[in-house]
Amino acid sequence: VWCGPCKMLSPTVDEVADEYEGKAVVAKCNVDEADEIAMNYRVRNIPTLLFFKGGEMKDRLVGACSKADMTAKIDALL
């Protein structure tokens with residue numbers, strides 16, 4: 001709630017979630033509330049987007065990024 005870049009990126013993440021519904025799971029995690037997840041995946045900066053396939057983390061984007069960056073990572077894993 002306090003992270004400016006996270007707030008800026010949030011609507012784009014929601015849009016990507018709608019576009020990929022049924023093809024990929026797109027979810028948000030508040031690392032202040034789920035610090036063990038942040039530690040497990042070595043999230044040092046926010047926003048950080050993690051990309052998984054088959055339950056295994058395959059890629060990440062750190063910092064504010066474009067919708068095209070997000071969808072390219074997802075498309076590469078589909």
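This is a predicted model: local features need pLDDT of at least 70, side-chain atom pairs count only at pLDDT 80 or more; totals for chains, interfaces and linings use all residues.
Student: Is T71 buried or exposed?
Tutor: The relative accessible area of T71 is 14%. Buried means under 20%, so T71 falls in that class at 14%. T71 is therefore buried.

Student: Which residues does T71 touch, not counting those up to four places away in sequence?
Tutor: Contact requires heavy atoms within 4.5 Å. With residues up to four places away in sequence not counted, T71 touches V16 and Y20.

Student: How many disulfides does the structure hold?
Tutor: A disulfide is a covalent bond between the sulfur atoms of two cysteines. Here the pair must lie within 2.5 Å. C29 is in no disulfide, since the nearest cysteine sulfur, that of C6, is 11 Å away. For the structure, the number of disulfides is 0.

Student: Is C3 buried or exposed?
Tutor: The relative accessibility of C3 is 6%. The cut-off for a buried residue is under 20%, so C3 at 6% counts as buried.

Student: What pattern does the protein follow along the sequence?
Tutor: The secondary structure comprises 3 helices and 2 strands. Read along the sequence, these elements follow the pattern α-α-β-β-α.

Student: What is the radius of gyration of the protein?
Tutor: For 78 residues the globule rule gives 12 Å, and the value for the protein is close to that, so the protein is as compact as a globular protein of that length. The radius of gyration is 12 Å.

Conventions:
Residues are numbered from 1 along each chain as its sequence is written. Side-chain values use heavy atoms; hydrogens and water are left out. Buried means under 20% relative accessible area, exposed over 50%, partly exposed in between (1.4 Å probe, protein chains only). Helices (H or I, at least four residues) and strands (E, at least two) are DSSP runs, numbered from the N terminus. The radius of gyration is taken over C-alpha atoms; the globule rule is 2.2 Å times the number of residues to the power 0.38.
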